[in-house]
Amino acid sequence: MNLKKIALSIILLFIIFMGGVIASVYIYPPKGVMIFEYHRVNDDTVDTDDYSLSREQFQEQLDYFKENNYHTVSMMDFIRAEKYGEELPENPIIITFDDGYEDNYTNMMPMINAMGMKATMFMATNYIGKENYVSWQQLKEMQDNNIEIGSHTANHLPLTEVENLDNEIKLSKLLMEWNGLKTIYFFSYPNGVYTKESIQCLKDNNYLAAVTGDAGYNTFKTDKYLLQRTNVSNYRFGYIGFQWRILKTKILYRLGINQH
Ligand SMILES: [Zn+2]
């Protein structure tokens, strides 16, 4: 056999293998919780900001979840199911928003509420009350309307660049609690960057779980401080792109790639 034939055989085997993997996720869909990562729902920024979806696009995705029998749960629902055996609905998913843009209050919350769904917002606390970000009052209102609030640090720096982890992890949590929000139990790593020290710091400060930017499924065996999360914010490839990210999540999980 010459080299060309060997290369072609390898490519062919790979295609057959991937075909098998894709078929397997349809025939035996993975079981567990998919967590989705969003940032903004804003018709004005959708063309200029990769992290924005229009309201129509977001609605299309919520409709997809509903039509495909997915049910939203909160981070706390997931943790309670693990700790106390409380039951989760069929095909549970968690919808999360990072950073805390004001459009989460004006657009996301009413749409989530109208669908009877839940969502979780991770707040970078030094942004609260700044232009384009939610205010304290809005945060409280969101918490009363099925939006769970978590921390996304104080200053939104990758944790590898932070000298005093306590300032980012502990103070962001305390600040929100001192300002009248319910106890903050959940955390989202800025830029998805985590370290051993940051995980320890989260545990020391009574956080119960944290989400990464690594796509995959979450089961009760998944490391609670490295939960898998699928980023769907970037809408460059439209609805197909959204579908691809869900399929990619299933493939990565099935192949065990970057699963914690
Ligand atoms: Zn962020």
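I started with E37, which counts as buried at 9% relative accessibility (buried is under 20% relative accessible area, exposed over 50%, partly exposed in between, with a 1.4 Å probe and protein chains only). This is a predicted model, where local features need pLDDT of at least 70, side-chain atom pairs count only at pLDDT 80 or more, and totals for chains, interfaces and linings use all residues. Residues are numbered from 1 along each chain as its sequence is written, and side-chain values use heavy atoms, without hydrogens and water.

Next I looked up the partner of E37: its side chain meets that of R229 in a salt bridge, 3.7 Å from N to O (the term needs a side-chain nitrogen of Lys or Arg within 4 Å of a carboxyl oxygen of Asp or Glu). R229 sits in the loop between β9 (209-211) and β10 (230-231), and E37 in strand β1 (residues 34-38), 192 residues apart (helices are DSSP runs of H or I, at least four residues, and strands of E, at least two, numbered from the N terminus). R229 is buried too, at 1%.

Then I checked D103 and R40, whose closest N and O atoms are 2.8 Å apart in a salt bridge. D103 is in helix α4 and R40 in strand β2 (residues 40-41), so this pair ties together parts 63 residues apart in sequence. I noted D103 as buried at 4% and R40 as buried at 9%.

Last, I looked at F65. Leaving aside neighbours within four places in sequence, I found F65 in contact (heavy atoms within 4.5 Å) with F36, Y38, Y70, I93, I95, M117 and F242.
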